[in-house]
Amino acid sequence: MRKIVFLLCMAAGTFCLAQKQFQPVGSTVIETVDGDLDGDKIPEKVIIYNTKDTTDMGNIREIQILKKTGGAWTILEKSRNAVMESNGGGMMGDPYRETKIEKGILIISQNGGSSWKWDVTDKYRFQNGHFELIGTSTTSGRPGDYWKDIDFNLSTGQLHYTKEVENTAEYGKSLKEIYIHKGLKINLQNRNQEKQRKIILPKTKEEVYF
């Protein structure tokens, strides 16, 4: 029992040293999540930092994925684009909700808005040497007006779009469309760009942004 406790303490100590080594200066930890992300059955560590660096949208967030190789922790990948800034949620403030790992998939959820609200969940898989976006789901709208639901599987290219309209006098009828759009490459490094990517749905002519 003492040996197990000792080994656990050693492992924790090694990780703490690694975290301090890679942690951005002046930053604080928002969340830490463990899970196997590259299929080798050895858990990686995902850390979300609130950095001291700022933009007009608040403090920049950095996500780091750490991998243990040969007894030492290394950075598998990191990005300052996947998690929005501290004031990126608009009137609702901090948009960050949670990060989790399910069946080897990295899932990041964020939301924001005021009377008009939005909620987005991104799913990343480690492939081709990077964490690539394989799916994103978005809900946006305002009670009494309309709600849009977008579910985009980037692996298959299938995009499901639904617009449920309550205020038909101003926004017209409800709409639904399934569209195939392949070839869009998004990863941890190029997510949430200043100039959003746009898809115009051919049947409804609705505009979808990523």
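Q: Which residue in S8 stands opposite Thr 121?
A: In a regular strand the side chains alternate between the two faces of the sheet. Strands here are DSSP runs of E, at least two residues long and numbered from the N terminus, and two of them pair if DSSP finds at least two bridges between them. In this predicted model, Thr 121 stands opposite Ser 137 in S8. The model is predicted, so local features need pLDDT of at least 70 and side-chain atom pairs count only at pLDDT 80 or more, while totals for chains, interfaces and linings use all residues. Residues are numbered from 1 along each chain as its sequence is written, and side-chain values use heavy atoms, with hydrogens and water left out.

Q: Over how many bridges do S7 and S8 pair, and in which sense?
A: S7 and S8 are antiparallel and share 11 bridges. They form a hairpin with 2 residues between them, and in its turn Asn 128 has a positive phi of about 55 degrees.

Q: What joins S6 to S7?
A: Strand S6, residues 105–113, runs antiparallel to S7 and is joined to it by 8 bridges. Within this pair, Ser 109 stands opposite Thr 121 in S7. The hairpin of S6 and S7 has 3 residues between the strands.

Q: Is S3 mostly covered or mostly open?
A: A residue is called buried under 20% relative accessible area, exposed over 50%, and partly exposed in between, with a 1.4 Å probe and protein chains only. By that scale, 9 of the 12 residues of S3 are buried, and the strand is mostly covered.

Q: Which strand is joined to S3 by 8 bridges, and which by 7?
A: Strand S2, residues 44–55, is antiparallel to S3 with 8 bridges, and Ile 47 has Gln 64 in S3 as its bridge partner. A hairpin through 2 residues joins S2 to S3. Strand S4, residues 72–79, is also antiparallel to S3, with 7 bridges. There, Thr 69 is opposite Ala 72 in S4. The S3–S4 hairpin has 2 residues between its strands, and Gly 70 in the turn has a positive phi of about 60 degrees.

Q: What volume does the largest pocket have?
A: Rolling a probe the size of a water molecule over the atoms shows where empty space is left. A pocket is an open set of points on a 1 Å grid over the protein atoms alone, where a 1.4 Å probe fits, with protein on both sides within 12 Å along at least five of seven lines; lining residues have an atom within 4 Å of a point. The volume is the space filled by probe spheres set on the points, which are joined across faces, edges and corners. For the largest pocket it is about 850 Å³.

Q: Which residues lie nearest its centre?
A: Of the 27 lining residues, Met 84, Trp 118, Asn 192, Gln 193 and Gln 196 are nearest the centre of the largest pocket. Elements giving two or more residues to this lining are S3 (58–69), S7 (117–127), S8 (130–142), S9 (146–153) and S13 (207–209). The lining divides into 11 nonpolar, 8 polar and 8 charged residues; Ala, Val, Leu, Ile, Met, Phe, Trp, Tyr, Cys and Pro count as nonpolar, Asp, Glu, Lys and Arg as charged, and the others, Gly among them, as polar.

Q: Where is Asn 192 found, and what is it in contact with?
A: Asn 192 is in the loop between S11 (175–180) and S12 (198–200). Contact means heavy atoms within 4.5 Å. Beyond its neighbours within four places in sequence, Asn 192 is in contact with Asn 81, Ala 82, Val 83 and Met 84. A polar atom of its side chain lies 2.8 Å from the backbone oxygen of Asn 81, and the Asn 192 side chain also reaches the backbone oxygen of Ala 82 at 3.2 Å.

Q: Why does Asn 192 count as partly exposed?
A: Asn 192 counts as partly exposed because its relative accessibility is 28%. Its phi is positive, about 55 degrees, although Asn 192 is not a glycine.

Terms used. Helices (H or I, at least four residues) and strands (E, at least two) are DSSP runs, numbered from the N terminus. A polar contact is a pair of N or O atoms within 3.5 Å; within protein, one must be able to donate a hydrogen and the other to accept it, and residues adjacent in sequence count only if both atoms are side-chain atoms.
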